[in-house]
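Hi,

Here is the structure I promised to pass on. Have a look at it first, and then read on for what turned up.

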Amino acid sequence: MMRAAIAATAILLTGCATDRVVLLDNEPGHPVGAIAVLDDERGETVLDTANTQARLGASGARVSALARPDPSFDALMATLPADVSRFDIPFPVGDADILSVQQSIIDQINSAVGERPSGVQIEVAGFTDSTGDEGSNNALSMERARAVAEALRAGGISIEDGDIIGRGEYDAQAALGDGVSDESYRRVTVIVR
């Protein structure tokens, strides 16, 4: 969705320097979006269909379908950042050890990062359910986050210390109340930007 917004904005800004505005197709499974073209005399023309353009002229905006998008748009689209990826790594109760289940997800993260251009930012956040005391859960969530970060670093991924955080039981407490055992909160979430 963010790629579509950036693409539409970039095309729109490019269109401001010319006599046309183009709305390109989005990635499969994502909505196209829309662009409003404002004209002093005729008002607003909305492009909300993929691969359409509005040519601007003395008689207002003329909307038409593109037979084929301009090949120069491919170069523009190639400059857009990759989508944000999220990986959830589950942990057993009270544990922060990297086992085979966790390692397979860490391997997926290593692969995903390897496919991206340089300049990747990675955030590693540890969580717990709301059983146990708050202090222990804060420490355990940070221990989980550090264990995952170290496993990723061992695979050659650079992670800033400030991007490793422990969230404790805060999310579980807010959603479920105190003393609730829920495996979906016993995890580390890795965000790759």
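A word on terms before we start: a residue is called buried when its relative accessible area is under 20%, exposed when that area is over 50%, and partly exposed in between. Also bear in mind that this is a predicted model.

With that cut-off, take Gln 102. Its relative accessible area is 2%, so Gln 102 is buried. You'll find Gln 102 in helix α3, which covers residues 100–114. Which residues does Gln 102 touch, once neighbours within four places in sequence are left aside? They are Ile 89, Pro 90, Phe 91, Pro 92 and Asp 97.

Next, have a look at strand β9 (residues 187–192). This strand is mostly covered, with 6 of its 6 residues buried. Arg 187, Thr 189 and Ile 191 point one way from β9, while Val 188, Val 190 and Val 192 point the other way. Two strands pair with β9. Strand β6 (residues 85–90) runs antiparallel to β9, and 6 bridges connect them; Phe 87, for instance, has Val 190 as its bridge partner in β9. Strand β7 (residues 122–126) is also antiparallel to β9 and is joined to it by 5 bridges, with Glu 123 partnered by Ile 191.

Now for the charged side chains. Side chains of opposite charge can pair when their charged atoms come close.

- Arg 55 and Asp 19 form a salt bridge, with their closest N and O atoms 3.6 Å apart. Arg 55 is in strand β4 and Asp 19 in the loop between α1 and β1, 36 residues apart, so this pair links distant parts of the chain. Arg 55 has a relative accessible area of 28%, which makes it partly exposed, and Asp 19 is partly exposed too, at 40%.
- Arg 20 and Asp 70 form another, at 3.5 Å between the closest N and O atoms. Arg 20 lies in strand β1 and Asp 70 in the loop between β5 and α2, so the pair ties together parts that are 50 residues apart in sequence.
- Arg 86 and Asp 88 have their closest N and O atoms 3.2 Å apart. Arg 86, Asp 88 and Arg 187 are linked in a network of salt bridges.

Asn 51 is partly exposed, at 22% relative accessible area.

Cheers

Conventions. Residues are numbered from 1 along each chain as its sequence is written. This is a predicted model: local features need pLDDT of at least 70, side-chain atom pairs count only at pLDDT 80 or more; totals for chains, interfaces and linings use all residues. Side-chain values use heavy atoms; hydrogens and water are left out. Helices (H or I, at least four residues) and strands (E, at least two) are DSSP runs, numbered from the N terminus. Buried means under 20% relative accessible area, exposed over 50%, partly exposed in between (1.4 Å probe, protein chains only). Contact means heavy atoms within 4.5 Å. Two strands pair if DSSP finds at least two bridges between them. A salt bridge is a side-chain nitrogen of Lys or Arg within 4 Å of a carboxyl oxygen of Asp or Glu.
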